[in-house]
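The following exercises are to be worked through with the sequence and the three-dimensional structure in view. Each task is followed by a solution in steps.

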Amino acid sequence: MKYDLSVTLSGVELSNPVIPASGTFGFGQEFARLYDLDILGSFCLKGTTREPRYGNPLPRIAECDAGLLNAVGLQNPGADEVLSHELPEVAKIYHKPVIANISGFSVEEFAETAAKFDRAEQVGILEINISCPNVHAGGMAFGVDPENAAAVTKAVKAVTAKPVYMKLSPNAGDIVAVARACEDAGADGLSLINTLLGMRIDVARRRPLLANTTGGLSGPAVFPVAVRMVYQVAHAVKIPVIGMGGVDSARDVIEMMMAGASAVEVGAANLVDPWACPKIIRALPREMELLGIERLRDIVGIA
């Protein structure tokens with residue numbers, strides 16, 4: 001039997017639901033040396049800001065049981081360099097629409113950067129990372145407040161014709177309220193979850209392991225939290241959801257889709273095993289056979 005892995009995100013057709021997440025795949029160049037990237041449903045570009053950013057001071061990665069903490073700080077070459085150099089290079093190694101992940105520190109910066117990417121032909125979807133600190137509101141992340149999240153959504157929607165997916169923070173007090181605010185403001189879809197805030201201490205040095213003190217927790221440890229939040233949000237809104245957070249197997253992809261995700265991003269697993277995504281894609285038909293699933297799109301939100 002031929003199993004149908006295809007899914008659709010706001011009119012963008014994907015041959016399968018597996019998408020390497022922003023921040024764990026760069027611009028694909030290192031992975032393209034290992035396998036044909038066209039096996040992927042799509043992939044999410046490294047998070048990009050209007051201006052180049054070096055990121056946070058070192059050390060900014062800390063391992064922990066069943067995951068890792070990162071405080072990279074949005075290191076990237078800036079929107080103009082990504083558009084003029086990185087995207088043309090991506091086009092040589094990947095021949096499907098990609099997802100551009102955009103970050104900013106003010107509503108105006110989000111809109112200006114989104115407008116630049118609106119002109120990029122290969123970009124099929126804009127994923128807007130609203131876990132950034134709002135410099136005009138004392139550093140509080142846009143994604144923890146429904147009003148701020150809606151303001152960013154409206155500003156981005158006003159400058160692009162591409163589908164806009166708002167990437168939600170699990171650190172919000174009420175992620176469903178934030179999701180609904182984004183939907184009401186015109187978002188075409190939602191991505192969740194981003195990393196959970198965490199911390200480790202070097203007990204020998206009696207200091208935090210990360211120079212930034214705290215960082216974002218990702219990896220298998222967050223998977224049950226991600227499934228719960230995807231389930232809550234997907235059942236509260238009418239727009240598509242991309243699920244992520246600790247996914248590292250084909251069965252995880254199916255579980256996330258049953259919770260309500262139309263597609264699934266794979267993050268930290270790429271750092272542990274660079275072949276994680278192709279392994280997951282190749283394993284999906286076998287899992288579908290075992291579970292009696294003919295078309296993946298039929299299981300979205302079935303739980």
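**Exercise 1. The pockets**

The largest pocket has a volume of about 1,300 Å³. The model is a predicted one, in which local features need pLDDT of at least 70 and side-chain atom pairs count only at pLDDT 80 or more, while totals for chains, interfaces and linings use all residues. Residues are numbered from 1 along each chain as its sequence is written, and side-chain values use heavy atoms, with hydrogens and water left out.

Task: Describe which residues and elements line the largest pocket.

Solution. 

Step 1. On a 1 Å grid over the protein atoms alone, a pocket is an open set of points with protein on both sides within 12 Å along at least five of seven lines, whereas a cavity is a set of points where a 1.4 Å probe fits but cannot get out; lining residues have an atom within 4 Å of a point. Grid points are joined across faces, edges and corners, and a volume is the space filled by probe spheres set on the points.

Step 2. Find the residues. The lining consists of 48 residues, and N70, N129, N194, T195 and G216 lie nearest the centre of the largest pocket.

Step 3. Find the elements. Two or more lining residues come from each of β5 (67-70), β10 (196-198) and β13 (215-218). Of the elements, β13 gives the most, with four residues. Helices (H or I, at least four residues) and strands (E, at least two) are DSSP runs, numbered from the N terminus.

Step 4. Sort by class. The lining of the largest pocket has 20 nonpolar, 25 polar and three charged residues. Here Ala, Val, Leu, Ile, Met, Phe, Trp, Tyr, Cys and Pro count as nonpolar, Asp, Glu, Lys and Arg as charged, and the others, Gly among them, as polar.

Step 5. Turn to the second largest pocket. Its volume is about 310 Å³. Of its 19 lining residues, P220, D248, A268, A269 and V272 lie nearest the centre. At least two lining residues each come from β5, α8 (269-272) and α9 (276-291).

**Exercise 2. The cavity**

Task: State what lines the largest cavity.

Solution. 

Step 1. Count. There is one cavity of 30 Å³ or more, and the largest cavity has a volume of about 50 Å³.

Step 2. List the lining. The residues are L9, V12, E13, L14, G41, S42, P97, V98, I99, G124 and I125.

Step 3. Assign elements. Strands β2 (12-14), β6 and β7 each supply at least two of the lining residues, and β2 gives the most, with three.

Step 4. Sort by class. The lining of the largest cavity holds seven nonpolar residues, three polar and one charged.

**Exercise 3. The nonpolar core**

Task: Identify the members of the largest nonpolar core that touch the most other members.

Solution. 

Step 1. Define the core. A nonpolar core is a set of buried Ala, Val, Leu, Ile, Met, Phe, Trp, Tyr and Cys residues joined through side-chain atoms within 4.5 Å. Buried means under 20% relative accessible area, exposed over 50%, and partly exposed in between (1.4 Å probe, protein chains only).

Step 2. Name the members. The largest core has 89 residues, of which I128, I130, M166, L168, L190 and L192 touch the most other members. Helix α6 (residues 223-234) gives the most to this core, with seven residues.

Step 3. Examine one member. Leaving aside neighbours within four places in sequence, L192 is in contact (heavy atoms within 4.5 Å) with residues including L168, I175, M229 and V230.

**Exercise 4. Backbone geometry**

Solution. 

Step 1. Most residues other than glycine have a negative phi, and most peptide bonds are trans.

Step 2. L74 is partly exposed, with a relative accessible area of 24%, whereas R206 is exposed, at 70%.
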